Amino acid sequence: MIEGGCNCGAVRYRAEGDPIVVAQCHCTNCRRQSGSAFSVNLLFKGAAVSHDGELSVYEDKDTFSGNAVLRKFCGRCGSPIFSEPTDGKGLLIVKAGTLDDPAPFVPTVSVWTSTALPWVVLPEGQYAFEKNA
Ligand SMILES: [Zn+2]
Ligand SMILES: [Zn+2]
């Protein structure tokens, strides 16, 4: 069981099973949303993830695919928790930095390397995609 939560403790979540993929995303939306150089995202089937506590939602319509992404975060402390694509595939992204123990989840893929910051060094042997995978 994978568990995590926000900075203030108001939101806690758990995920069953292993993520489908762990990816670094260097897109500008992830950069702004995370307040960092890139996001580390764990992709799950939505049904595998549950949470307690209230999530605030921002409907991010400025996406490359044109499908909105629901950015779900703790309205109290602002920690980004989930990103939920609205493309009907039923997938949910968990923001790796909110895991209780992120260390085991090594990203094997980088996406949107076309907008990666010039000083970011991608791990050797990682799959890299200039845009989306
Ligand atoms: Zn919080
Ligand atoms: Zn992104």
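Buried residues account for 38% of the 133 residues in the protein chain. The model is a predicted one, so every legend below describes computed geometry.

**Figure 1. The whole chain, for orientation.** The protein chain has one helix and 11 strands. Reading from the N terminus, the order of elements is β-β-β-α-β-β-β-β-β-β-β-β. The radius of gyration comes out at 14 Å, close to the 14 Å that the globule rule gives for 133 residues, so the chain is as compact as a globular protein of that length. Along the principal axes, the C-alpha atoms fill a box of roughly 35 × 30 × 25 Å. If you look at contacts between residues at least 6 apart in sequence, 52% of them join residues at least 24 apart.

**Figure 2. The four-cysteine zinc site.** Here the zinc ion (ligand 1) sits among the SG atoms of Cys6, Cys8, Cys74 and Cys77, which lie 2.3 to 2.4 Å from the metal. The four donor atoms make angles of 106 to 114 degrees, and the site is tetrahedral. For reference, the ideal angle for four tetrahedral donors is 109.5 degrees. Along the chain the donors are spaced C-x1-C-x65-C-x2-C. Cys6 comes from the loop between β1 (2-5) and β2 (12-15), and Cys77 from the loop between β7 and β8, so this pair ties together parts that are 71 residues apart in sequence. How accessible are these two? Cys6 is buried, with a relative accessible area of 11%, whereas Cys77 is partly exposed at 32%.

**Figure 3. The three-cysteine zinc site.** The zinc ion (ligand 2) is coordinated by the SG atoms of Cys25, Cys27 and Cys30, at 2.1 to 2.3 Å. Before you read anything into the count of protein donors, keep in mind that water is not among the atoms, so sites may look incomplete. The donors follow the spacing C-x1-C-x2-C along the chain. Cys25 has a relative accessible area of 8% and is buried; Cys27, at 13%, is buried too.

Figure 4. Buried or exposed? Asp60 is buried at 7% relative accessibility, and Arg71 is buried at 8%. Lys72 counts as buried at 18%, while Glu84 is partly exposed with a relative accessible area of 26%.

Figure 5. Glu3, Arg12 and Asp100 are linked in a network of salt bridges. Within it, the side chains of Glu3 and Arg12 meet at 3.9 Å, N to O; the cut-off for a salt bridge is 4 Å. Glu3 is partly exposed, with a relative accessible area of 39%. Arg12 is partly exposed as well, at 30%.

**Figure 6. Ser56 and its contacts.** Ser56 lies in strand β6 (residues 55-60) and counts as partly exposed at 26% relative accessibility. Which residues does Ser56 touch, leaving aside its neighbours within four places in sequence? The answer is Arg71, Lys72, Phe73 and Gly75. Val109 belongs to another view: Ser56 and Val109 are 53 residues apart in sequence and 28 Å apart in space, C-alpha to C-alpha.

**Figure 7. Gln126 in its loop.** Gln126 is found in the loop between β10 (109-111) and β11 (127-128). With a relative accessible area of 14%, Gln126 is buried. A polar atom of the Gln126 side chain lies 3.2 Å from the backbone oxygen of Pro107. Apart from its neighbours within four places in sequence, Gln126 is in contact with Gln24, Pro107, Thr108, Val109 and Ser110.

Conventions
Residues are numbered from 1 along each chain as its sequence is written. Chains are lettered from A and ligands numbered from 1 in the order in which they are written. This is a predicted model: local features need pLDDT of at least 70, side-chain atom pairs count only at pLDDT 80 or more; totals for chains, interfaces and linings use all residues. Side-chain values use heavy atoms; hydrogens and water are left out. Donors are N, O and S atoms within 2.8 Å of the metal (3.2 Å for Na, K and Ca); water is not among the atoms, so sites may look incomplete. Buried means under 20% relative accessible area, exposed over 50%, partly exposed in between (1.4 Å probe, protein chains only). Helices (H or I, at least four residues) and strands (E, at least two) are DSSP runs, numbered from the N terminus. Contact means heavy atoms within 4.5 Å. A polar contact is a pair of N or O atoms within 3.5 Å; within protein, one must be able to donate a hydrogen and the other to accept it, and residues adjacent in sequence count only if both atoms are side-chain atoms. Four donors count as tetrahedral if all angles lie between 85 and 135 degrees; four count as square planar and six as octahedral if opposite donors are over 155 degrees apart and all others between 65 and 115; anything else is irregular. The radius of gyration is taken over C-alpha atoms; the globule rule is 2.2 Å times the number of residues to the power 0.38.
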